[in-house]
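Reader: I have a model open and some questions about it. Can we go through the rings, the core and a sheet?

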Amino acid sequence: MPITDPSFPALHGRPARGWVNDPNGCAYVDGTYHVFFQYNPDGPVHHRIQWGHATSTDLVRWTEQPVAFGPRDGGPDAFGCWSGVMGFDGGTPTAFYTGIRGAPADSRVLTATSDSAMIEWVQSEVPVAGMPDEPGLTEVRDPFLFSFEGRDYAIQGSGYTDGTPVILLYRCHTRTDWEYLGPLVTGGSGVAAAHAPAHIWECPQLFRVDGQWVLVVSLWSRHDAGHHLGGVAYLAGELSEGGVGLKFLPASGGPVDAGPDFYAPQVLAASLSEPRTLMWAWTWDESRPAADVDAAGWCGALTYARSLSYRDGELRSEPVSEVSSLRSGVLFRGAGSFAVPAAARAFEVSADGPVQLVVVDGAACTVVAAVSSGRILVDGSVVEVFGSESVPRTLHAYPTATSRFEVRALGECTVHELAL
């Protein structure tokens, strides 16, 4: 059935209905990109999370696959199969994920295995890791795998009861034999506290790009009404042998994305078959009224794939070049104001000078995004902004029956319609 909701991000490859959050298990196998994601097909709320699955051969045209795996009644993941990563043990695809039995603090690292098609999965009953023997920890979650000096390691995000975030380190002797080594880095002071303030560091990603070790963390904090998702930060620094394991010493940092609707990114590290370091993130609908979410029947999406680099002392990201292949025609070229037709549900603004994306609704006018030059990608309600002078910004603007997008350019500007 065609999707008629003008807010739905049709080009971002999410299912037509249900809840979507964190990307998981990103992999590139035999010419196919696999992106798994947190998914509730039964409604637009976070509940009994499964691993959804989509595939692509070009990073922009996605095919929805069957749900990979989900909660098992009475099992170690009865409450949900939360975020994790993909590993390959002797060529066997293995998902390492956070299994929640009854509450977020009751978590363990579980595995599920498949073949190269990655369609049918077998979940293990035996955890690879539980709550480590580390005094004062609160919740522990979101395993991530990496290698250093020929050895395999894993990290998880966590925090102490005093409010200090921490990354926990494990030595992976085999796929199922993990040894807890202690904290890799904590965020109570110094560079880490300045650039990545949080009570828990979620969804940690540790990787090397352009010769620099980078740790990306999502910033989870408690407040009186529950918790707050405070964006995503990176720390750049030195990874080295230290104590019984490794130590990460951050030297600088900054935001990965400065928008309000960007969280829990996952990185696919460069390889011989895919030399780019790729990243997807969850773009969420926090600002949308609950009644509108219920009526729409869907909530959340993943960003377009982004390519990462480290230049001039900063982590940078930009849309993969394949996004340009979605251009299906020129809607406008020149300077001045242009009202985007309602039928153009997805479009791209490219500008060599100052440009604004505006929502006009009668006499009301709201500036959604502004750059001195750069690109603005719009797909339904999802807006991804890549300006020449700043880090990217991801946000939402919801079209209505009476409103329209308008592009206002002081210099040369091109508006392309985007379509599959």
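Reader: Which residue lies over the face of Tyr153?

Author: Arg171 does, at 5.7 Å from the ring centre. A charge counts as over a ring if NZ of Lys or CZ of Arg is within 6 Å of the ring centre and within 35 degrees of the ring normal. This is a predicted model, where local features need pLDDT of at least 70, side-chain atom pairs count only at pLDDT 80 or more, and totals for chains, interfaces and linings use all residues. Residues are numbered from 1 along each chain as its sequence is written, and side-chain values use heavy atoms, with hydrogens and water left out.

Reader: What lies over the face of Trp220?

Author: Arg141, at 5.7 Å from the ring centre.

Reader: How many aromatic pairs are there?

Author: The structure holds 22. Rings of Phe, Tyr and Trp (its six-membered ring) pair if their centres lie within 6.5 Å; planes under 30 degrees apart are stacked, over 60 edge-to-face, the rest tilted. Tyr263 and Trp282 make an edge-to-face pair, with 6.3 Å between centres and 80° between planes.

Reader: Are those two buried or exposed?

Author: Both Tyr263 and Trp282 are buried, meaning under 20% relative accessible area, with exposed over 50% and partly exposed in between (1.4 Å probe, protein chains only).

Reader: New topic. Which residues touch the most other members of the largest nonpolar core?

Author: Phe146 and Trp201, in a core of 38 residues. Such a core is a set of buried Ala, Val, Leu, Ile, Met, Phe, Trp, Tyr and Cys residues joined through side-chain atoms within 4.5 Å.

Reader: And which ring cluster includes Trp51?

Author: Ring pairs link Trp51 with Phe36, Phe69, Tyr97 and Trp121.

Reader: Last one: what order do the strands of the open sheet take?

Author: The order is β13-β14-β15-β16, with antiparallel pairing. Strands are DSSP runs (E, at least two residues; helices are H or I, at least four), numbered from the N terminus, and two strands pair if DSSP finds at least two bridges between them.
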